[in-house]
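Morning, everyone. I have one structure to walk through today. Here it is on the screen.

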Amino acid sequence: EDQIAIVEQRLSISPAPMKTLHYKMERAHDFAWFADRKFIVEKGECILPSGKRVETCVMYTPENASKWSNGTGLKAIHDGLYYYSLWVGEYPYDVCTAVDGTISAGGGMEYPTITIIGNAGSKEALRMVIIHEVGHNWFYGILGSNERDHAWMDEGLNSFYETRTMLATD
């Protein structure tokens with residue numbers, strides 16, 4: 001059963017000239033944040049195999065809306081969170097976000113609870129990169145593997161579970 005739901009979708013430029021947001025996170029060894037008044041924001045929710053609820057969010061530019069919109073990005077986050085939680089261990093955070101960073105990123109870069117995604121040539125390529133980058137929450141983030149010293153632990157295991165997730169959700 002598909003448990004993804006788009007809770008909120010904002011498709012307009014933020015009217016506020018300035019705003020203040022406060023964030024707090026525990027058990028994180030790294031962080032990042034991204035902002036752009038033009039971001040289109042979709043929010044959803046993923047119910048993990050345990051029943052735990054995780055807020056999901058995608059933020060993308062109008063130029064890339066054809067790839068990210070209508071739940072495409074949210075479904076990729078959902079699939080990654082659900083299946084990695086099932087096979088590797090439960091996702092410990094309450095939120096997971098993917099950000100369109102085509103101007104500033106390569107393929108993708110991960111931080112606990114948030115990942116920036118580079119330009120993807122298609123919806124399917126975008127889906128694969130989001131699942132992969134969300135997967136880094138386990139190997140780079142939760143388990144704390146050192147990608148430079150032990151690439152097989154971070155990239156190798158993550159690529160295995162990315163492929164397994166893609167096959168499970170085709």
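Start with burial: of the protein's 170 residues, 43% count as buried. Buried means under 20% relative accessible area, exposed means over 50%, and partly exposed is in between, with a 1.4 Å probe and protein chains only. A word on the source: this is a predicted model, so to speak of local features we need pLDDT of at least 70, side-chain atom pairs count only at pLDDT 80 or more, and totals for chains, interfaces and linings use all residues. Residues are numbered from 1 along each chain as its sequence is written, and side-chain values use heavy atoms, with hydrogens and water left out.

Next, surface. The protein exposes about 9,300 Å², and carbon and sulfur atoms supply 55% of it. Those areas come from the Shrake-Rupley method with a 1.4 Å probe; for residues, only the protein chains shown count as cover.

Now the layout. The protein has 4 helices and 6 strands. Helices are DSSP runs of H or I with at least four residues, strands are runs of E with at least two, and numbering goes from the N terminus. The order from the N terminus is β-β-β-α-α-β-β-β-α-α. Take contacts with a separation of 6 or more: 64% come from residues 24 or more positions apart. Contact here means heavy atoms within 4.5 Å.

On to a hairpin. Strand β2, residues 40-47, pairs with strand β3, residues 53-60, in the antiparallel sense over 8 bridges. Two strands pair if DSSP finds at least two bridges between them. Gly 44 has Thr 56 in β3 as its bridge partner. Between the two strands sit 5 residues, and Gly 51 in the turn has a positive phi of about 100°.

Last topic: charge. How many salt bridges does the structure hold? There are 4. The criterion is a side-chain nitrogen of Lys or Arg within 4 Å of a carboxyl oxygen of Asp or Glu.

One joins Arg 53 and Glu 45, at 2.5 Å, N to O. Glu 45 is partly exposed, at 28% relative accessibility.

Another joins Arg 127 and Asp 79, at 2.9 Å, N to O. This pair links distant parts of the chain: Arg 127 is in helix α3, residues 123-142, and Asp 79 is in helix α2, residues 72-87, 48 residues apart. Arg 127 counts as buried at 10%, and Asp 79 counts as buried at 2%.

Arg 127 also meets Glu 124, at 3.9 Å, N to O. Those two are 3 residues apart in helix α3, so about one helical turn separates them. Glu 124 is partly exposed, at 43%. Finally, Lys 75, Asp 79, Glu 124 and Arg 127 are linked in a network of salt bridges.
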